[in-house]
Protein chains: 2
Amino acid sequence: MKLQLLIKMNEALFLRNPESSELGKSILKHSVQLINKTGLETFTFKKLAEDIGTTEAGIYRYFENKHKLLVYLTAWYWSWLEFQISFHTNNINDPKIKLKRIIKLLGTPVEDDEQTSYISESLLHQIIIAEGSKAYLTKQVEEDNRQHFFKPYKDLCAVIGDIILECSPKYKYPKSLASTIIEMAHFQNFFMNHLPSLTDFGRTKSETEIVAFLNDLVFKSLKES
Amino acid sequence: MKLQLLIKMNEALFLRNPESSELGKSILKHSVQLINKTGLETFTFKKLAEDIGTTEAGIYRYFENKHKLLVYLTAWYWSWLEFQISFHTNNINDPKIKLKRIIKLLGTPVEDDEQTSYISESLLHQIIIAEGSKAYLTKQVEEDNRQHFFKPYKDLCAVIGDIILECSPKYKYPKSLASTIIEMAHFQNFFMNHLPSLTDFGRTKSETEIVAFLNDLVFKSLKES
DNA sequence: TTATTGTGGTAGTAATACTATCATAAATAA
DNA sequence: TTATTTATGATAGTATTACTACCACAATAA
């Protein structure tokens with residue numbers, strides 16, 4: 001049995017749907033690779049076009065600019081991750097076990113999914129770590145938000161917040177704790193690898209320690225006091 | 001009595017010391033205003049020059065590029081904040097009270113200091129919230145780190161980490177908890193104001209709630225279990 | 001058959017991110 | 001006092017970036 005996981009993307013994020021053509025899929029695939037290689041700042045549509053073997057104008061027919069492309073990629077990732085989470089926590093009743101699973105999924109490097117061949121989830125995960133916050137840390141956040149560009153991120157956050165409340169109905173900060181877990185899963189990873197003295201994981205550089213830290217943080221927070 | 005708080009900056013951050021001349025101070029003052037107004041992405045040295053009434057080349061004599069200027073401003077902020085913290089926690093013996101003061105200083109809008117007239121700390125605080133992470137979320141982090149550009153941030157984190165250990169000597173993640181507090185003090189503020197559904201403070205938009213959340217997070221983490 | 005749509009290519013423009021050179025006024029050292 | 005350094009200003013030039021407009025062609029629908 002081979003299933004195609006289809007993620008319905010916000011149409012305002014692109015000019016032409018990149019999943020609808022070969023060039024479009026190639027843009028997604030190679031942009032993920034190139035952003036990883038060069039970083040968002042030095043990434044340009046011209047370099048991407050050369051990489052793919054097409055022209056700048058070809059890329060511009062799909063995406064208005066690199067900000068939209070970044071927002072597209074991050075939105076895709078959050079949607080994909082929410083599906084992974086709902087898949088891996090399905091049929092689990094205990095919300096605490098659910099939450100543990102989620103923290104593990106957030107903190108552990110993802111394995112590539114054969115289904116969606118044109119996007120490498122593990123490379124995309126790296127982009128989320130290093131560039132993800134740049135999608136919303138702009139002057140246009142509110143305009144972008146009005147167009148629902150961040151809906152997948154907010155949905156994920158809401159899902160986690162609800163599970164937190166299931167664990168501990170009286171806890172006062174479920175949404176803030178949810179966004180803290182998500183952001184810290186990525187920032188601690190970045191710090192561990194590039195600014196290790198900001199973490200306690202510099203020696204081992206092991207993701208399982210990040211997961212342990214987040215578990216400690218979350219479950220102590222949710223303990224009745 | 002009038003004291004001038006002098007922050008010794010890493011000399012590799014600038015080509016000519018901006019604190020040593022009128023134009024230099026003007027660059028600092030107006031860059032803080034302009035970055036706040038336009039955001040880092042659309043901020044250019046040309047616009048800054050027009051703002052000040054000088055030429056692009058004039059700015060380039062002080063700073064190599066806008067990345068160095070951003071790193072300079074963030075480093076200045078972290079040094080200033082560490083001084084504020086050491087000042088406001090001086091003579092306090094109880095590490096828990098110290099930590100509470102620190103969380104309050106991190107989460108509360110700063111009042112402008114009359115001493116350093118050319119830098120508005122409150123505007124700089126806003127820059128740290130919206131642009132701060134862009135100083136290190138680049139491909140050059142490690143090179144920048146080798147040149148000690150992030151020393152003030154790491155020092156602050158170490159100070160907070162040590163106080164955490166004083167509170168709870170057995171706690172296993174003092175540095176990660178310290179960087180979590182610092183980052184979340186800013187991210188929760190940004191979310192509260194621009195993506196409120198990611199937080200529990202969207203209704204009141206009050207910084208004191210962020211402080212309460214961080215206190216809850218930290219002191220539950222440090223409780224012996 | 002013709003018209004439309006989807007797709008790819010060429011060329012050009014304005015802005016950005018610099019670098020280099022020259023002139024001059026003020027501050028400072030000899 | 002003169003000589004010299006220093007800070008700033010003005011002008012010009014280049015490579016790259018971030019687009020826009022226009023053209024060509026093949027598949028498909030009317």
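**Entry 1: a helix pair in chain B**

In which hand, left-handed or right-handed, does α5(B) cross α9(B)? I looked, and α5(B) passes α9(B) in a right-handed crossing. My convention is that a crossing is left-handed if the near helix is turned anticlockwise from the far one by less than a right angle, and right-handed if clockwise. Helices here are DSSP runs (H or I, at least four residues; strands are E, at least two), numbered from the N terminus.

A note on the source: this is a predicted model, where local features need pLDDT of at least 70 and side-chain atom pairs count only at pLDDT 80 or more, while totals for chains, interfaces and linings use all residues. Residues are numbered from 1 along each chain as its sequence is written, and chains are lettered from A and ligands numbered from 1 in the order in which they are written.

Back to the pair: α5 (residues 95-107) of chain B and α9(B) pack at an angle of about 35°, with axes 9 Å apart. I took axes as lines fitted to C-alpha atoms, for helices over the stretch in contact, with angles from 0 to 180 degrees between N-to-C directions. From α5(B), I found B:Ile103, B:Leu106 and B:Gly107 meeting B:Ile181, B:Ile182 and B:Ala185 of α9(B). Contact asks for C-beta atoms, placed from the backbone, within 7 Å. This contact has five nonpolar, one polar and no charged residues. In my classes, Ala, Val, Leu, Ile, Met, Phe, Trp, Tyr, Cys and Pro are nonpolar, Asp, Glu, Lys and Arg are charged, and the others, Gly among them, are polar.

**Entry 2: chain B against chain A**

Next I checked the interface, where 42 residues of chain B are in contact with 42 residues of chain A. On the chain B side, α9(B) gives the most, with eleven residues. That side divides into 15 nonpolar, 14 polar and 13 charged residues.

I then superposed the chains by least squares on the C-alpha atoms of residues with pLDDT of at least 70 in both. A rotation of 180° with 0.0 Å of shift along its axis brings chain B onto chain A, at an RMSD of 0.1 Å. The two copies are therefore related as by a two-fold rotation axis. In chain B, the C-alpha of B:Lys220 is nearest the axis, 2.9 Å from it. I also noted that 100% of the interface residues of chain B are interface residues in chain A too, so the copies meet through the same surface.

**Entry 3: the DNA strands**

I counted a residue as near a strand if its C-beta atom, placed from the backbone, lies within 6 Å of it. Around DNA strand C there are 16 residues, and A:Leu23, A:Thr55, A:Ala57, B:Thr44 and B:Asn65 come nearest. The surface near DNA strand C has four nonpolar, seven polar and five charged residues.

DNA strand D also has 16 residues around it, with A:Ala57, A:Asn65, B:Ser21, B:Leu23 and B:Thr54 coming nearest. Its surface has four nonpolar, eight polar and four charged residues.

**Entry 4: chain A overall**

Definitions and conventions:
Two residues are in contact if their C-beta atoms, placed from the backbone, lie within 7 Å.
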